[in-house]
Amino acid sequence: MSSWLPRNVSTFGGDVDGIFWLIFYMTAAWFVLTEGLIVYFAFRFRRRVGRRAAYVTGSGWKQLSWVLVPVAVVIVLDVFLDLRGAEVWARIKGQPPPPALVVRGTGKQFNWEFTFPGRDGSFDTPDDLHVENNLHVPAGKVIHVVLTSKDVIHSFFLPHLRLKQDVVPGRQITVWFEATQPGEYEIPCAELCGFGHSGMKGMLYVHTQQDFDKWLAERLAETDALAARKQR
């Protein structure tokens, strides 16, 4: 069953998968139990010659227990899931660890724009590095992505890192992750945002620290060269 999900390369992905499988197994067991009882009772009390159907009013405690007991079980299971989910939510959303790198991610019709701070380490300065659709990060480092949108609601989705966050115009929402394995991973838009939604696909490139430093140095050099040509 683990093949249903993409390979987890996130430090908190195991916690998210644990909640997913807990909900899956509980609902699957409840489904099999209820559907099995329905089939059993349909067969056990099927129409037979000479047997009259009983008129059930549901007024006695014995009859009410067929409703109240399942309701109580469902409430207990729901509270248990809420408590387990709250632990994971608090661990991921409560206090994000300090970042090694902050990147801005802006959704627009129909692509992502990722902005890296330049050599000065600050945003909104001339040496900012803008990259369309592709997010480059080092492995084993905490990354904060400050998300916003220029137009409609998008959804920033990193399935391999078990991270999904809706992106709303007018709001900045910070998410974080720490990738554990270098590789290339898809960034689809998980919110139907218009006729170009299906083409709104980016890639997450997780490098080793050495490769990331090399990539960043090369991109900054290209940015410097482009700025120099414009000034001539």
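Predicted model: local features only at pLDDT ≥ 70, side-chain atom pairs only at ≥ 80, totals over all residues.
View 1. The charged end of R46 sits over the ring of F43, 4.3 Å from its centre.

**View 2. Aromatic residues at F20 and W21.** The whole structure holds 15 aromatic pairs. One of them joins F20 and W21, edge-to-face, at 5.0 Å centre to centre and 80° between the planes. F20 is partly exposed, with a relative accessible area of 35%. W21 is buried, at 16%.

**View 3. An aromatic pair between strands β2 and β6.** W112 and F156 also form an edge-to-face pair, at 5.6 Å centre to centre and 80° between the planes. The pair links distant parts of the chain, with its two residues 44 apart. W112 lies in strand β2 (residues 111-116) and F156 in strand β6 (residues 154-158). W112 is buried, with 0% relative accessibility. F156 is buried too, with a relative accessible area of 0%.

**View 4. F156 and the largest nonpolar core.** This core has 40 residues. F116, L135, F156, F177 and L204 touch the most other members. Helix α3 (residues 209-231) supplies the largest share of the core, four residues. Beyond its neighbours within four places in sequence, F156 is in contact with W112, F114, L135, L147, L163, K164, Q165, V167, V175 and I187.

**View 5. Strand β4 beside strand β10.** Four of the five residues of strand β4 (residues 134-138) are buried, so β4 is largely enclosed by the rest of the structure. β4 pairs with strand β10 (residues 201-207) in the parallel sense, over five bridges. At N134, the bridge partner in β10 is M203.

View 6. α3 has 23 residues. Its reach from first C-alpha to last is 33 Å, close to the 33 Å expected at 1.5 Å a residue. F212, W215, L216 and L220 are buried in α3. The helix's buried residues pack against β1, β2, β3 (129-132), β4 and β10. Residues three or four places apart in an α-helix point the same way, because there are 3.6 residues a turn.

View 7. K108 is in strand β1 (residues 101-108). K108 is buried, with a relative accessible area of 16%. Not counting residues up to four places away in sequence, K108 touches E113, E132, K150, D151, H154 and M200.

**View 8. A179 in the loop between β8 and β9.** A179 is found between β8 (173-177) and β9 (183-188). At 1% relative accessibility, A179 counts as buried. Its contacts, leaving aside neighbours within four places in sequence, are V9, A139, G140, K141, L161 and V206. A179 and F212 are 33 residues apart in sequence and 13 Å apart in space, C-alpha to C-alpha.

View 9. Most residues other than glycine have a negative phi, and most peptide bonds are trans. The peptide bond from Q109 to F110 is cis, with omega near 0°. F110 is in the loop between β1 and β2. N133 has a positive phi of about 70° although it is not a glycine. N133 is in the loop between β3 and β4, and is buried, with a relative accessible area of 19%. R162 also has a positive phi, near 55°. R162 is in the loop between β6 and β7 (163-167), and is buried, with a relative accessible area of 14%.

Key. Residues numbered from 1 in each chain as written. Heavy atoms only, no water. Phe/Tyr/Trp six-rings, centres within 6.5 Å; stacked < 30°, edge-to-face > 60°. Buried < 20%, exposed > 50% of the residue type's maximum accessible area, 1.4 Å probe, protein only. Lys NZ or Arg CZ within 6 Å of the ring centre and 35° of its normal. Pairing = 2+ DSSP bridges. Core = buried A, V, L, I, M, F, W, Y, C linked by side-chain atoms within 4.5 Å. Contact = heavy atoms within 4.5 Å. Expected span 1.5 Å × (residues − 1).
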